[in-house]
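Subject: Structure handover

Hello,

Here is the structure for you to look over. Please open it first and read the notes alongside.

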Amino acid sequence: MSSQDEEQVVMSEPIFISVGGGKGGVGKSTVCVNIGAELARKGNSVGFIDADLGGANLHLCLGVKRPALGLQDFMCGNKSKLSDVAVETMVPGTWLVSGASDFLELANPNFAQKQKIIRNLKKMEADYIFVDLGAGSDHKVTDFYAAFPYSIVVIDGLPTSIENAYSYLKGGVLRGLTRLFPGRSDLQKEIKNRIDPKTAKGVITVDELLNSMLSRYRDEVSVMKEWVYSRKTFLIVNMVKTREDIDVGERFAKMVKKYLSLNMYYVGYLLQSPDIRASIREMKPAVLNENCKVNGCIQAITKNIMNLTKVDKPG
């Protein structure tokens, strides 16, 4: 094989982006498939995994009525590789690993099961892989958030959405910090004690938490700071009706930066449009319809995400 041929088969590591927000109904799956479809339209290979375990429906947004295979086949051992359960979608250049909405054991997976999915997902091939998360901020959601350095957070501008999104991010950061040191019960207990407002050691911000631990855990705090500061979180406000809805995103991004120390980028918003609802009924991403009124929003968001990820992408 020539050196030129060798260069052609070298695959760049996929860019993994989790998509969450804490609250159900804010349009996480819609945002996920439309950004992914736009990336594919630009020539990228794109993968989707439905990590809303127990409530999977991402396949319907991608035109797959009944996936022939899914996570249950992989987790039960019917298929040895996660790539074996990936199916094509209606969007050229994309694949989907469907969730397991009818497989009760995966509705509340243990940590080992989640790690198996995450570990094998990192062996998949694509330029971008989107991990669509369920609602809530418990460990079955935040373990997936913590596993990948890029994430999209979707809110709809309403107070309930903002509160849930903040809880989701806070839970994800704290879960990620504790999982950096498996087996270190002393360190995990210290983190929990210091974030509990009922204790004398209660702290308000993530920076305060880490700085308060420096004297006892200098090396570990250095690792934790690197983990927090290296993350990139992309904020999208969905179903925008007014200028006030747009401004909510700016305020939320500042709050997250102040209290959680996350690098949050407000990458854009999606206007509320009947075209989105129509696309869901048609089971196809809205961006594939040239006349969709929110295409400009989707394209702008996708461009921003590409610019914020390609600087770290090898190759």
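Below is what was found in it, starting with the spaces and ending with some single residues. Keep in mind that this is a predicted model.

**The largest pocket**

The largest pocket holds about 460 Å³ of space. Its lining counts 24 residues. Those nearest the centre of the pocket are G25, V26, G27, T30 and I280. Four elements each supply at least two lining residues: α2, β5 (128-133), β7 (232-240) and α12. Which of them gives the largest share? That is α12, with four residues. By class, the pocket lining divides into nine nonpolar, eleven polar and four charged residues.

**The cavities**

There are two cavities of 30 Å³ or more. The general idea is simple: rolling a probe the size of a water molecule over the atoms shows where empty space is left.

The largest cavity has about 60 Å³ of space. Its lining is made of T30, V33, N34, L60, C61, S279, I280, M283, K284, P285 and A286. Two or more of these residues come from each of α2, α3 (58-61) and α12. α2 gives the most, with three residues. The classes here are seven nonpolar, three polar and one charged.

V31, N34, I35, I236, L270, I298 and I301 line it. The elements giving two or more residues are α2 and α13. Again α2 supplies the largest share, three residues. This lining has six nonpolar residues, one polar and no charged ones.

**Helix α2 against helix α13**

α2 spans residues 28-41 and α13 spans residues 295-310. How do these two helices pack, and at what angle? The angle is about 75 degrees, and the axes are 9 Å apart. An angle from 65 to 115 degrees counts as roughly perpendicular, so α2 and α13 are roughly perpendicular to each other.

On the α2 side, the contact is made by N34, I35, E38, L39 and R41. On the α13 side, it is made by I298, Q299, I301, T302, I305 and M306. By class, this contact has six nonpolar, three polar and two charged residues.

**Two positive phi values**

Phi of S261 is near 60 degrees, a positive value in a residue other than glycine. S261 sits in the loop between α11 (243-260) and β8 (263-271). Is S261 buried or exposed? Its relative accessible area is 2%. Buried means under 20%, so S261 is buried.

M283 also has phi near 60 degrees, and is likewise a residue other than glycine. It lies in the loop between α12 (274-282) and α13. The relative accessible area of M283 is 19%, so M283 is buried too.

**Two pairs apart in sequence**

L158 lies in the loop between β6 (150-155) and α7 (159-179). It pairs up with V248: the two are 90 residues apart in sequence, and their C-alpha atoms are 8.6 Å apart in space. L158 has a relative accessible area of 48%, so it is partly exposed.

Q72 lies in helix α4 (residues 71-75). Q72 and S98 are 26 residues apart along the chain, and 8.9 Å separates their C-alpha atoms. Q72 is partly exposed, with a relative accessible area of 22%.

**Where to start**

I would open the view on α2. It packs with α13. It gives the most to the lining of the largest cavity. It also gives the largest share to the lining of the second largest cavity. Then move to α12, the source of the largest share of the pocket lining.

Best regards

Definitions and conventions
Residues are numbered from 1 along each chain as its sequence is written. This is a predicted model: local features need pLDDT of at least 70, side-chain atom pairs count only at pLDDT 80 or more; totals for chains, interfaces and linings use all residues. Side-chain values use heavy atoms; hydrogens and water are left out. Axes are lines fitted to C-alpha atoms, for helices over the stretch in contact, and angles run from 0 to 180 degrees between N-to-C directions. Angles under 35 degrees count as roughly parallel, over 145 as roughly antiparallel, 65 to 115 as roughly perpendicular and the rest as oblique. Contact means heavy atoms within 4.5 Å. Ala, Val, Leu, Ile, Met, Phe, Trp, Tyr, Cys and Pro count as nonpolar, Asp, Glu, Lys and Arg as charged, and the others, Gly among them, as polar. Buried means under 20% relative accessible area, exposed over 50%, partly exposed in between (1.4 Å probe, protein chains only). On a 1 Å grid over the protein atoms alone, a cavity is a set of points where a 1.4 Å probe fits but cannot get out, and a pocket is an open set with protein on both sides within 12 Å along at least five of seven lines; lining residues have an atom within 4 Å of a point. Grid points are joined across faces, edges and corners, and a volume is the space filled by probe spheres set on the points.
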